[in-house]
Amino acid sequence: MSYRLLIPILTLFLIETNASDAEYKFVVVEGEPVTLNASESVQVASFDECTDKCEQKTECVLAYQSNSSDPCYLFDWNSITQIIKNEAGGNGTTAFKVYTDQPACELNSAYLLNGKTYPLFPNDTAQNLWRIDTSEDGWTITYIDSKPIDSLVCGNFSYNRPYDDGCNPECNITMVQVWAKFGPLTKFLTKDAGWEYEPPTGNMYRRNGINKTAETFEICMYKCHEDLRCAAAYFDRDSATCVMVWTGDFWFLERTSASDGHQIAIKLPMNDKLCKMTTDQLLDDQYYLSSPAMLTTFDRQFFRVQTTEKYYVFTSYLDYYESFYFNIINGCPVNNRASALRKDYYQQGSTAYNHFFNETMCYRYDEAPGITQAEAKELCQLMGQKLLSDKYAGSIQMIAEQKEDLQVVDFQETMFDLFRLGFYKNSSRIWHGLEKDPADGKWKWLDTRFVQFPEDALPIPWAPGEPKEGPDMNCAYMGWGEGYDPFNGYAYYAAPCNSTVDGIACSSAQVNEMNVKKWSEVADDFGYRGTCCIRPVGWINEYPE
């Protein structure tokens, strides 16, 4: 569907001009414009006089006063886009000038200030329109030069859910608007990719689009909705930049307030249950089926959304019976590798669920400049993992078919962009799960389950002079490129736990041992079980129940 056709379908512009007794009235709320720069300041004796001044001026759409002794600020059409409610950090009183037939003493503010569009001139409903939407921290205003041809559906993706038509088939993919910015570990490409859809070949298949010409958040949001690759879109108002990111390429959206100006639209597939939820409920520990709503690398992929005090957390998983993609293995969180491969790795047509000859650990490396050990622990934990333990776990793979006992993961390989950890530099420092036990002063791994080699066989490969002693030397990071280990080329360094390094390494068991839903359960919730994502040919021809 082209973008030109998408806006009429997705945007509800309801003009209050049909009633014969409609006139301009003011809906008063407790809130403050995000800026006063574009306003006209006038001295008044009361807020009523302030609204009278706005009513007398045709171009005025909004009046604001912080208190009775301060000036009145009048905002013309196309001069202000955001009002922050007092509960979210605003201060003062704001009056919206709306055109309605509702009695002035009985104005329904919740109705009039959510998804409704008003004319600047009473007899002109085709241009100079402005729409008010309720958001998480206040209200947003969008200005429209011309009226769309059709009526809007899907609640205009506004904050106030559920929508009257939210469970209609045309609304089965929605966009959730939140005040947030992309958080730690997000994987960007900084090249301006434009909006043009690129064929799924080579590195372009995974490119995250960045466009510096999007003029509004709405355009950015609709572009993400239209693009099957996009899972979330961020709009930077200061630079008019829209960034689209794929599912599986971000894990944390850092929550902000309206006054910070960071706004993100999240793409979420709907089902019969989810479409009846509020916005907050959709982000509170819910599961979503990635395909076919979004273009993904893997067929049987799903994701979980959780809300914490600081983040919206997104974790993508593969079904335990999904096929492998090189050494990104089934049953691991998306963009994790595995410490073991299938015996039948090189046998096409073989079944993926008959594949392991030893216990498998899922692991990942991520760039996170300036991160402390406590922060690294927290991020791993929020993703259902722990800091990676064992000096060789995750860096060694057993591949029987190659007649080799050990194979080293090359940190500089360019085939995968999953471990964008600055390893293209001469060296990097990464937090691992190695700490000094305060009880006996010995260095121990935080999780011993996947420790493959006992200490007497392969001791911890400390760098020369390590581990350093000291009252605060209780954590350790892996220094890649700095050490003298003859096999892997890295070594460990003792450091205070509040030191900052370049990245983190997290690990976990496979999804069937994690406290998450099964793919089959999520597929059933969306009505796709048995019909979705089954390839007729290729590595896997059928899946077990």
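Predicted model: local features only at pLDDT ≥ 70, side-chain atom pairs only at ≥ 80, totals over all residues.
Residues are numbered from 1 along each chain as its sequence is written, and side-chain values use heavy atoms, with hydrogens and water left out.

**The protein overall**

- The secondary structure comes to seven helices and 29 strands. Helices (H or I, at least four residues) and strands (E, at least two) are DSSP runs, numbered from the N terminus.
- Of the 545 residues, 56% count as buried.
- The accessible surface comes to about 24,000 Å², and 48% of it belongs to carbon and sulfur atoms. Accessible areas come from the Shrake-Rupley method with a 1.4 Å probe, and for residues only the protein chains shown count as cover.
- Take the contacts between residues at least 6 apart in sequence: 67% of them join residues at least 24 apart. Contact means heavy atoms within 4.5 Å.

**Helix H6 and what follows**

- Just after H6 comes Gly384, with a positive phi of about 80°.

- E8 pairs with strand E9 (residues 129-135) in the antiparallel sense, over four bridges. Two strands pair if DSSP finds at least two bridges between them.

- Ala95 is found in strand E7 (residues 93-100) and is buried, with a relative accessible area of 0%.
- Val27 is 68 residues from Ala95 in sequence, yet the two are 5.4 Å apart in space, C-alpha to C-alpha.
- Leaving aside neighbours within four places in sequence, Ala95 is in contact with Phe26, Val27, Val28, Phe47, Thr51, Val61, Leu62 and Ala63.
- Asp366 lies in strand E21 (residues 362-371) and counts as buried because its relative accessibility is 1%.
- The side chain of Asp366 makes a polar contact with the side chain of Arg364, at 2.4 Å. A polar contact is a pair of N or O atoms within 3.5 Å; within protein, one must be able to donate a hydrogen and the other to accept it, and residues adjacent in sequence count only if both atoms are side-chain atoms.
- Cys105, by its relative accessible area of 71%, is exposed.

**Disulfides**

- Counting pairs of cysteine sulfur atoms within 2.5 Å as disulfides gives nine of them. In general, a disulfide is a covalent bond between the sulfur atoms of two cysteines.
- Cys50 and Cys72 form one, with their sulfur atoms 2.0 Å apart. This link is right-handed, with 70° about the S-S bond. Cys50 lies in helix H2 (residues 47-56) and Cys72 in strand E5 (residues 72-76), so the pair ties together parts 22 residues apart in sequence. Both Cys50 and Cys72 are buried.
- Cys220 is joined to Cys242 by a disulfide, S to S 1.9 Å, and this link is right-handed with 75° about the S-S bond. Since Cys220 lies in helix H4 (residues 217-226) and Cys242 in strand E14 (residues 241-246), the pair ties together parts that are 22 residues apart in sequence. Cys220 is buried at a relative accessible area of 0%, and Cys242 counts as buried at 0% relative accessibility.
- Cys332 and Cys362 form a disulfide with sulfur atoms 2.0 Å apart, left-handed at -80° about the S-S bond. The pair links distant parts of the chain, 30 residues apart: Cys332 is in the loop between strand E19 (311-318) and strand E20 (337-338), and Cys362 is in strand E21. Cys332 and Cys362 are buried.

Methods
Buried < 20%, exposed > 50% of the residue type's maximum accessible area, 1.4 Å probe, protein only.
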